[in-house]
Amino acid sequence: MERTLVIIKPDGVRRHLIGEIIQRFEKKGLAIAEMKFGTMTKELAEEHYHHLAGRSFFDELIDYMTSGPVVYLVLTGEDVIDIIRKMVGATKAVDAVSGTIRGDYALPGTENIIHASDSRDSATIEIARFFPPFDTKK
Ligand code: IDP
Ligand code: MG
């Protein structure tokens, strides 16, 4: 059974898409194992996106991710990492197919509604980053 980390980013929260996004996961039949609401610190945002440090949009990305509260979710299930990445859609709005979350709600730019882990290794690291052991009940 896999676990993956999803973050409904600040624009998703501001646009009142929390319910819509969670409903998609529930209707798909995926299990929610953890969920919490809060504003990301700059330190955690920089750690989460360290692989993009140096890119022209990095500062804008950190400002965006810390600009308001987000929803953190851990979802579980067989092949849940790839299933959710497909439901999320491509990074760039122009490539995100209709029917995906980004395809339905995102426009070009850094703001693209949602984050989802892209591999088992990143899921393990990202879950530990945002749900440290003392905070985990399961
Ligand atoms: P992902 O979120 O689909 O996994 P990544 O390449 O890991 O995509 O990029 C992380 C985040 O950085 C994206 O979701 C988006 O918010 C932002 N980003 C990525 N590439 C660009 C870009 O070319 N311009 C502006 N923002 C970008
Ligand atoms: Mg990524």
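A polar contact is a pair of N or O atoms within 3.5 Å. The model discussed here is predicted.

Me: How far is an oxygen atom of ligand 1 from an N or O atom in the side chain of Thr91?
Reply: The cut-off for a polar contact is 3.5 Å. Thr91 is among the residues surrounding ligand 1. The distance from its side-chain N or O atom to a ligand oxygen is 2.5 Å.

Me: What share of the area that ligand 1 exposes when taken alone does the protein bury?
Reply: A polar side-chain atom of Lys9 lies 2.9 Å from an oxygen atom of ligand 1. For Arg102, a polar side-chain atom also lies 2.9 Å from a ligand oxygen. Taken alone, ligand 1 exposes 530 Å², and the share buried by the protein is 79%.

Me: Which pocket does ligand 1 sit in?
Reply: The shell around ligand 1 holds four nonpolar, four polar and four charged residues. Tyr49, Phe57 and Asn112 are among the surrounding residues. The site of ligand 1 is the largest pocket.

Me: How many residues apart in sequence are the parts that the pair of Tyr72 and Phe131 ties together?
Reply: The count of aromatic pairs comes to two. One of them, Tyr72 with Phe131, is edge-to-face, at 6.5 Å centre to centre and 85° between the planes. Tyr72 lies in strand E3 and Phe131 in the segment after helix H7, so the pair ties together parts separated in sequence by 59 residues.

Conventions
Residues numbered from 1 in each chain as written. Chains lettered and ligands numbered in written order. Predicted model: local features only at pLDDT ≥ 70, side-chain atom pairs only at ≥ 80, totals over all residues. Heavy atoms only, no water. Near = heavy atom within 4 Å. Polar contact = N/O pair within 3.5 Å; in protein donor to acceptor, adjacent residues only side chain to side chain. Areas by Shrake-Rupley, 256 points an atom, 1.4 Å probe, with all protein chains shown as cover. 1 Å grid on protein atoms, 1.4 Å probe; cavity = no way out; pocket = protein on both sides within 12 Å on 5 of 7 lines; lining within 4 Å. Sits in = over half its atoms within 2 Å of the grid points. Nonpolar A, V, L, I, M, F, W, Y, C, P; charged D, E, K, R; others polar. Phe/Tyr/Trp six-rings, centres within 6.5 Å; stacked < 30°, edge-to-face > 60°. Helix = DSSP H or I, 4+ residues; strand = E, 2+ residues; numbered from the N terminus.
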